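Here's a quick briefing on two pieces of a protein model. Have a look at the picture first, then read on.

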Amino acid sequence: MAAVSTFGVKHPEQELSREWRSWIAENLMLGSHPSALMPVLQQAGIAEPLARREIELALQSPYLAGAVRLSNRLAKRDWVIDIQRKLNQLRSPEIPRRDKLTAQEFLDEYYSTNQPVIITGMMDDWPAIEKWSPAYFRAHYAQREVEVQFGREADAQYEMNSVAHKRKMAFGEYASLVEGSGATNDFYMTANNNSQNRQALRELWDDIGQLPEYLEQSGGPTGFLWFGPAGTVTPFHHDLTNNFMAQVKGRKRLRIMAACEVARVYNQRHCFTPVDGRDIDVRRYPLMADVQVRECVLAPGEILFLPVGCWHFVEALDVSMTVAFTNFKWDNDFYSKYPSNHDF
């Protein structure tokens with residue numbers, strides 16, 4: 001017999017509320033036997049005749065029958081996703097490193113299969129590798145006004161509330177703050193600040209390569225700048241596009257879960273999960289015990305391919321500078337069909 005979910009209201013009712021009717025429908029859809037619902041309803045103070053009548057009405061409802069059919073279709077889709085999840089777990093947990101992948105190799109082995117890979121040897125000629133540092137930024141762009149995320153440590157939902165944490169300041173001041181702060185997650189320049197910083201620091205894009213083997217070249221230089229101290233954390237989330245992370249300075253530790261693990265990662269809102277990537281608590285989130293979590297440390301000069309939909313946690317181990325790209329040569333429009341209701 002399927003488990004019966006519980007409902008918090010416990011007081012007598014002469015007529016069932018909308019919430020209780022929804023509770024009955026949900027549990028019947030989940031496969032609970034009608035007799036299993038009766039004790040819960042009666043314990044809540046609902047008279048037995050009323051409870052039996054409402055369960056019978058639900059069982060006869062064509063709306064519930066339609067919902068059950070839809071639930072069965074979704075269960076079949078879950079089965080297909082679970083096939084991919086099990087096959088993924090046959091792969092080595094180590095994320096491969098491949099030197100100077102050709103475009104065709106990258107497309108065939110990683111992009112089209114939704115698998116992560118670290119590409120080496122493609123950033124060797126980037127001027128940014130040698131030039132970029134907090135001191136360099138102060139010397140050349142100190143007075144440029146940039147936008148940064150601030151006050152993150154006081155807000156457990158700082159990623160979901162990123163708009164509220166935007167602050168403008170001189171780039172030289174920010175570079176000094178990063179250099180002298182030690183490890184902290186309180187401030188970070190991220191892709192969410194791109195619209196302001198791309199124009200303010202436009203010359204920096206002359207220092208990075210555009211990876212023509214993999215990326216579309218029309219429309220001028222692209223890339224999103226991430227710059228912050230050691231200790232910055234981007235919690236588990238997934239992106240709505242395929243993504244390149246090109247590491248210019250410092251190291252980042254990543255934990256990665258395949259997109260097909262979505263049913264086990266407690267995704268409650270939009271593209272986020274409450275599971276803490278620093279310490280995965282399987283007692284609080286027991287389904288996570290069956291999830292393959294792959295790890296890597298991304299070093300300067302390496303490019304990580306993050307497939308669309310894959311869950312990733314990112315922690316800076318040093319003062320870090322990263323450039324992200326999404327303008328791949330191949331179809332990367334996965335946002336158009338993403339669910340419009342993000343609060344689920």
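Which helices do the buried residues of α3 pack against? They pack against α1 (18-29), α2 (34-43) and α4 (62-88). Keep in mind that this is a predicted model.

**Helix α3**

- Helix α3 covers residues 48-60, so to speak a run of 13 residues, and it reaches 18 Å from its first C-alpha to its last, close to the 18 Å expected at 1.5 Å a residue.
- Its buried residues are Leu 50, Ala 51, Glu 54, Ile 55 and Ala 58.
- Why do these sit on the same side of α3? Because they cover an arc of only 130° around the axis.

**Strand β12**

- Now jump to strand β12, residues 311-316, which is mostly covered: six of its six residues are buried.
- Trp 311, Phe 313 and Glu 315 point one way from β12, while His 312, Val 314 and Ala 316 point the other way.

**Who pairs with β12**

- Strand β7 (residues 233-238) is joined to β12 by four bridges, and the two run antiparallel.
- As background, strands of a sheet pair through backbone hydrogen bonds, either parallel or antiparallel.

**The whole sheet**

- Put together, four strands form an open sheet in the order β7-β12-β9-β10, with antiparallel pairing.
- β7 and β10 (294-298) stand at the edges, each with a single partner strand, so one side of each has no neighbour in the sheet.
- Neighbouring strands here are turned by 15° against each other on average, if you ignore direction.

Note on methods:
Residues numbered from 1 in each chain as written. Predicted model: local features only at pLDDT ≥ 70, side-chain atom pairs only at ≥ 80, totals over all residues. Heavy atoms only, no water. Expected span 1.5 Å × (residues − 1). Buried < 20%, exposed > 50% of the residue type's maximum accessible area, 1.4 Å probe, protein only. Arc of directions from axis to C-beta. Contact = heavy atoms within 4.5 Å. Pairing = 2+ DSSP bridges. Axes fitted to C-alpha atoms, helices over the stretch in contact; angles between N-to-C directions.
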